[in-house]
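These notes are meant for someone opening this structure for the first time. Please read them with the sequence and the model side by side.

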Amino acid sequence: MAKSNLKIIILIILSLCFFTGLIFAIHYFSRQTPKTEGLNVHSANPAGWEFYETAFKFKKIEFDLSGKEVVAGIIPHHLLAADLIAEFFYNLRGKNYDTVILLGPNHFDSGNYSMITSGYDWQTPYGHLE
C-alpha cells in the first residue's frame, strides 16, 4: 500500500511539473508574439529581436564572394544552429536579392498535402517582410 501511494505522489508531482512548464511556455511565447490577429501574416518565433542579435554576435567564417553570383544555399532550419544561419546571411551582405525562397519541414503537419506554400507575409522583430 505504501508503494502504491508513493507512485501516486510521484505521478502527481511529475504532472504538476509538466503543467507548470506548459503554462510557462504558453505565457512566454504568447508574450513574445506580435499582435497579428486578423492579419494575413506569419509571425517570427521567437518574436523578440534579442535572440537574433545574440546569434549574429557569434564568430563567423567570412567567405570572399566578390565577383560571384550566389543563386542557392543550404542552411539548417532549426534555431539551435542560429549562429550558422546568421553566418550564411552575413556572407550575403552587400548582395541584392529581390526574392528569397525558404524551404523547410512541415513539423506541425498543417494542410492536407505533401507540400504546402503560403502567400502570407512575415512579421519579424525587424519589421514586415513581404
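1. Helices (H or I, at least four residues) and strands (E, at least two) are DSSP runs, numbered from the N terminus. On that basis the protein has 3 helices and 3 strands, and their order along the sequence is α-β-α-α-β-β.

2. The model is predicted: local features need pLDDT of at least 70, side-chain atom pairs count only at pLDDT 80 or more, and totals for chains, interfaces and linings use all residues. Residues are numbered from 1 along each chain as its sequence is written, and side-chain values use heavy atoms, with hydrogens and water left out.

3. Overall burial and surface. Buried means under 20% relative accessible area, exposed over 50%, and partly exposed in between (1.4 Å probe, protein chains only). Of the 130 residues of the protein, 13% are buried. The accessible surface is about 11,500 Å², and carbon and sulfur atoms make up 63% of that surface. Accessible areas come from the Shrake-Rupley method with a 1.4 Å probe; for residues, only the protein chains shown count as cover.

4. Contacts along the chain. A contact means heavy atoms within 4.5 Å. Among contacts in the protein with a separation of 6 or more, 67% are between residues 24 or more positions apart.

5. Helix α3. This helix covers residues 82-90 and includes F89. A82, I85, A86 and E87 are buried in α3, and the buried residues of this helix pack against α2 (49-56). An α-helix has 3.6 residues a turn, so residues three or four places apart point the same way. F89, by comparison, is partly exposed, with a relative accessible area of 36%.

6. A surface patch. F89 belongs to a nonpolar patch with Y97, V100 and L102, which together have about 400 Å² of accessible area. Patches are made of residues with over 30% relative accessible area and no salt bridge; like charges are joined within 9 Å, and nonpolar side chains (Val, Leu, Ile, Met, Phe, Trp, Tyr) within 5 Å.

7. What does the side chain of E87 reach? E87 is in helix α3, and its side chain comes to 2.6 Å from the backbone nitrogen of I61. Beyond neighbours within four places in sequence, E87 contacts K59, K60 and I61.

8. K60. This residue sits in the loop between α2 and α3. Its side chain has a polar atom 2.2 Å from the backbone oxygen of F56 and one 2.9 Å from the backbone oxygen of F58. Leaving out neighbours within four places in sequence, K60 contacts A86, E87 and Y90. K60 and D83 are 23 residues apart in sequence, with 7.9 Å between their C-alpha atoms.

9. N91, buried or exposed? N91 is in the loop between α3 and β2 (121-124) and counts as buried at 6% relative accessibility. A polar atom of its side chain lies 2.6 Å from the backbone nitrogen of F63. Residues up to four places away aside, N91 touches I61, E62, F63 and L65.

10. The salt bridge. The count comes to 1 salt bridge. E62 pairs with R93, with 2.6 Å between the closest N and O atoms. E62 lies in the loop between α2 and α3 and R93 in the loop between α3 and β2, so the pair ties together parts 31 residues apart in sequence. R93 is partly exposed, at 45% relative accessibility.

11. D64. The loop between α2 and α3 also holds D64, which is exposed with a relative accessible area of 57%. Its side chain makes a polar contact with the side chain of S66 at 2.6 Å. A polar contact is a pair of N or O atoms within 3.5 Å; within protein, one must be able to donate a hydrogen and the other to accept it, and residues adjacent in sequence count only if both atoms are side-chain atoms. The C-alpha atoms of D64 and N91 are 8.0 Å apart, with the two residues 27 apart along the chain.

12. A cis peptide bond. N45 and P46 are joined by a cis peptide bond, with omega about 10 degrees. P46 is in the loop between β1 (41-43) and α2.

Notes:
A salt bridge is a side-chain nitrogen of Lys or Arg within 4 Å of a carboxyl oxygen of Asp or Glu.
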